Amino acid sequence: MTEHLAGRPGSLWVASSAPTGYAALREGIDVDVAVIGGGIAGLTAALALKRAGQTVAVLEAARVGAGVTGNTTGKVTSLHRLAYTELAAHHGYAAARLYGQANEAAIEHVAGTVADEGIDCGFRRVSNYTYAESDPALALVREEAALAGRLGLPASFTTEVPLPFDVRGAVRFDNQAQIHALRYVQGLARAVDGDGSFVFEESPATGFRDGSPAVVDTGRGSVRAKEIIVATNMPFGDNGIFAGRCYPHRSYIVAARSGLPPQDATFVSVDEPMRSILTVNVEGVSYVLAGGEGHPASEQVDSAERYRRLDAFARDRLGAGEIAFRWSTQDAMPADGLPFVGRLSPDFRHVHVVTGLRKWGLTNGTAAALILRDTLCGTHNPGAALFDSTRAVREEDTMPAATEEAPAPPAGQAGSVPVRPDLVPGEGRVMDVGGVKTAVYLSPAGEVSAVSAVCTHLGCTVEFNPADVTWDCPCHGSRFSTDGTVIQGPATRNLDPGQAPA
Ligand SMILES: Cc1cc2nc3c(=O)[nH]c(=O)nc-3n(C[C@H](O)[C@H](O)[C@H](O)COP(=O)(O)OP(=O)(O)OC[C@H]3O[C@@H](n4cnc5c(N)ncnc54)[C@H](O)[C@@H]3O)c2cc1C
Ligand code: FES
């Protein structure tokens, strides 16, 4: 039941973008590089490779930017909360410096691409703040500011924080940015498509084979290529290669109307509950975005309550008006705090992967894409070793935020499920229909949809998420709409049709 939640479900970014209409792949084609996934990582890599003289084909399962990128907040920054203190502690100063340099370069790459391609995505230079309200948090931001400054990043400690409530101080990074990320990746797609390169939508990859050529299958046509990039956020077809090293983590955002013009500043809190704040003007309307309430996707939570807490924060502390939009999405969290970029595993010669962007993928994903461009073009990139996808995650490098491991799929999940046809409108439940576990949803208009409750990834049972009106898989984070369509992988196949209860 969701009628008590404020705001329209779905992201502000999707609601304010014209839909794209690239054709689906319907035949076999040959290119230099096949890219699976049309989010910021895949499209940035595709355009960078095209500019380097390669032909590329991007295969997007749904629509360009339909995944995490179209549901992000929009900060383009190298200040990732307290990343430098954490990375220096776990990986050393040189690694923290390299991480900062890669992310600063990513900001400039985004800025340059917006200018070169004339992408109308509201790119704005802002300062980004990690702010502290408590004494312990204040000590942490002081430490982060000092360390980031020593690493050569545009960092300072400040007590002048342009928030409408009192804070003790903050790390400030200057010359950062914010964008309408969906319009940005739509602009990338426009620049990729043409001159022997392609963007295909509604073309989910169903499998791939290493070799010369390497081949991506879609069921309707194949792409033969010298190299394949898997940029599907959570790796697709990895057969457990990243299990234990990377797991999906969900967060929620509300966008409320604001009477104030956008600030030249974005914010994230150190104190819990973590809050992320961004202001923006879209089509003449000012909004303030409040994000947070994150948790591993495997954790069952009351999503409606998460939205309510963000609503209260936006209204009470940010002075926001009516909540206009609310949405949630998941990103891949690397257990040791560093993205994974490079070969899918040492066994693969021509299949490369990007994952573990740790909820900072607008820059980490851009940096990852540039690493892959350089790797495929035979150019040295200092970030390649840092983000090496084949590294083992050492126990001692596991970050505190990454210790909540996704549970193993419950063995077979063979337990019985109730037979209860007494749904109320807006409710969904897994039921036993004729001995088959069925995900049954009754819409507010009274229409019943019934699909198999067995996740098409590895067979766990999906659960109803009433706040987002989705079927979510607790095992590895796949999400499906009530008609069974895949919203987010690693599943690539829709839920099978089911039979409605009598
Ligand atoms: C709530 C939230 C807020 C965030 N805010 C910020 C922020 O302010 N700044 C920041 O830097 N980062 C932020 N992030 C993180 C950032 O948005 C992500 O890291 C980034 O967008 C991920 O990009 P991607 O290309 O890896 O994935 P996606 O954008 O998900 O792209 C992957 C694409 O692959 C497609 N796909 C999947 N399977 C297949 C298949 N089999 N065949 C073909 N296509 C397939 C999907 O449809 C999808 O479009 C946020 C994350 C969350 C969860
Ligand atoms: S079983 Fe892996 S996401 Fe559902």
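Guide: Let's start with a term: a residue is buried under 20% relative accessible area, exposed over 50% and partly exposed in between, using a 1.4 Å probe and protein chains only. This is a predicted model, where local features need pLDDT of at least 70, side-chain atom pairs count only at pLDDT 80 or more, and totals for chains, interfaces and linings use all residues. Residues are numbered from 1 along each chain as its sequence is written, and side-chain values use heavy atoms, with hydrogens and water left out.

Visitor: Which residues cover the two faces of S13?

Guide: Strands are DSSP runs of E with at least two residues, numbered from the N terminus. On one side of S13 sit Ala-265, Phe-267 and Ser-269, on the other Thr-266 and Val-268, and all are buried. With five of its five residues (265-269) buried, S13 is therefore largely enclosed by the rest of the structure.

Visitor: Which strand runs parallel to S13?

Guide: Strands pair if DSSP finds at least two bridges between them. S5 (residues 124-132) runs parallel to S13, joined by five bridges; there, Asn-128 partners Thr-266. A five-residue hairpin joins S13 to S14.

Visitor: How many disulfides does a search of the whole structure find?

Guide: A disulfide is a pair of cysteine sulfur atoms within 2.5 Å. The search finds one: Cys-460 and Cys-475, with sulfurs 2.0 Å apart. The torsion about their S-S bond is about -90°, so the disulfide is left-handed.

Visitor: Are Cys-460 and Cys-475 buried or exposed?

Guide: Both Cys-460 and Cys-475 are buried. Cys-377, at 32% relative accessibility, counts as partly exposed.

Note on methods: Chains lettered and ligands numbered in written order. Helix = DSSP H or I, 4+ residues; strand = E, 2+ residues; numbered from the N terminus.
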